[in-house]
Amino acid sequence: MDEKTSLRFQLISAWCGPAFLVTFVLFWGVIGRNIPNPSPALSAADLAARYSQHLGEIRLGFIVALITVVLYMPWCSYISARMARIEGGYPVLANLQLIGGALTVAVVSFSCCFWAVAAFRPERDPALTQLLTDTGWLVIDLQYACTTLQMVALALAVLADRKNKATPLMPNWACYLTIFCAVSFFPASLTGVLKTGPFAWNGVMSYYFPYFCWLCWEITASTFLIKDVRRRMRDFESSPLVDGEAPREAALAS
Amino acid sequence: MANAMGRLEIEAQFVALGDVKRRLPGVDGVWVFVFADMMVFALLFGSFMLSRRQNPAVFEVSRHGLNPNFGGVNTLILLTSSWCAALALNAVRKSRFVLAKRFIAGALLCGFAFMVSKAIEYTEKLEDGVSLLTNDFFMYYFTLTGIHLVHVFAGTIVLLVLWFMARSRSFDPERPVVLECGAIYWHMVDLLWILLFPLLYLMR
């Protein structure tokens with residue numbers, strides 16, 4: 001593949017991050033009725049009624065979210081490739097980021113699947129609907145550690161990048177913000193025990209704040225990733241050689 | 001002529017300013033981290049106060065179930081620890097690495113003492129049949145002190161790394177950035193406990 005095409009793929013992949021973010025909030029959050037999400041303290045009958053009431057939206061939201069969630073994959077793939085350039089010979093952190101990102105997609109997809117199944121037969125026993133809803137929420141809220149590792153790996157790789165001190169992939173503050181956002185998920189583990197209050201799965205500390213941090217990191221990282229691709233595209237445009245052989249017009253002119 | 005004089009004056013001012021130029025300790029990222037972390041705790045304290053207002057009787061009765069001696073001792077431990085961290089930084093700035101290593105060890109021991117004391121306190125509560133499911137007050141008590149304890153645990157790991165760095169003299173006395181970052185974080189952990197202690201143990 002020539003470098004120009006490669007750079008174009010890189011730019012598209014970097015833009016998949018914001019695309020994931022918008023579609024996730026729209027389909028998973030708004031249309032899938034997860035803002036606000038159902039309380040774990042809701043009775044089985046009330047929960048089943050919630051599904052029947054918004055059946056069409058919930059089905060549409062989760063079924064589409066299950067497709068658009070894969071936009072996270074090219075984004076992670078690009079981050080990994082970029083990190084591997086920083087790391088050189090042994091891209092341990094780049095691999096870790098890639099695995100973490102891939103498993104994040106798996107975790108988010110599985111939880112969505114459980115809710116889609118719950119919405120599949122709204123006439124079934126409400127206790128089963130509750131079981132499926134519980135499973136979905138605990139799947140997504142207790143398995144955040146894959147995402148934590150993904151984020152910390154990225155931050156560490158960029159912080160340790162001594163070669164490109166002048167033009168780092170992300171500034172120092174963004175790396176620390178990444179680490180903070182990654183550890184902000186930890187209170188979500190309490191969703192496995194508590195049904196009310198800020199640590200329940202519809203609470204501030206286990207839902208709104210960590211999810212906000214995750215999406216906030218996505219915006220920040222995407223902004224710097226896109227800037228970085230654009231900078232490398234400009235460098236390529238102004239470089240005297242293309243594919244290592246033919247001198248460019250700019251080089252001829254000088 | 002007047003213009004040239006003016007410029008000279010300005011240049012003189014710049015030199016004077018250059019002498020007293022202050023820099024931010026640590027890296028800017030660690031301040032971002034500390035600010036974000038404090039925001040989380042502000043959020044937690046806010047939700048604690050809201051919950052308390054809805055149920056003042058339960059909160060007041062449950063508060064008496066806590067042993068303020070543990071809280072008080074913990075406060076002293078962390079204040080001493082923070083002091084040790086500040087002294088270590090001072091020692092490194094004077095290139096006295098052996099002394100710095102001892103102060104870091106002191107801060108580290110205080111961190112361990114805090115964790116041990118919390119373990120005893122938690123065990124006491126759990127043996128009395130009190131857990132985070134007992135009521136809203138104890139839910140906040142266990143989660144707030146638990147999240148703080150995770151910070152202490154992370155801080156002791158940081159201090160351990162700093163101790164090894166002091167031993168191998170890998171700090172630059174002119175600008176010991178890593179030590180500064182560690183001390184900033186450790187002071188934040190201390191500050192959060194100073195807020196948590198009256199909130200949970202003392203406030204009527």
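**Where the chains meet**

Modeller: Across the interface, 19 residues of chain A are in contact with 18 residues of chain B, two residues being in contact if their C-beta atoms, placed from the backbone, lie within 7 Å. This is a predicted model, in which local features need pLDDT of at least 70 and side-chain atom pairs count only at pLDDT 80 or more, while totals for chains, interfaces and linings use all residues. Residues are numbered from 1 along each chain as its sequence is written, and chains are lettered from A and ligands numbered from 1 in the order in which they are written.

On chain A's side, the elements giving two or more residues are helix 8 (172–183) and helix 9 (204–237), where helices are DSSP runs (H or I, at least four residues) numbered from the N terminus. Helix 8 of chain A gives the most, with seven residues. This side of chain A divides into 16 nonpolar, three polar and no charged residues; Ala, Val, Leu, Ile, Met, Phe, Trp, Tyr, Cys and Pro count as nonpolar, Asp, Glu, Lys and Arg as charged, and the others, Gly among them, as polar.

Within chain A, helix 5 (residues 92–120) and helix 7 (residues 145–159) pack at an angle of about 150°, with their axes 7 Å apart; axes are lines fitted to C-alpha atoms over the stretch in contact, and angles run from 0 to 180 degrees between N-to-C directions. The two helices of chain A are therefore roughly antiparallel, a term for angles over 145 degrees. By class, the contact of helix 5 with helix 7 of chain A has eleven nonpolar, six polar and no charged residues.

Definitions and conventions. Angles under 35 degrees count as roughly parallel, over 145 as roughly antiparallel, 65 to 115 as roughly perpendicular and the rest as oblique.
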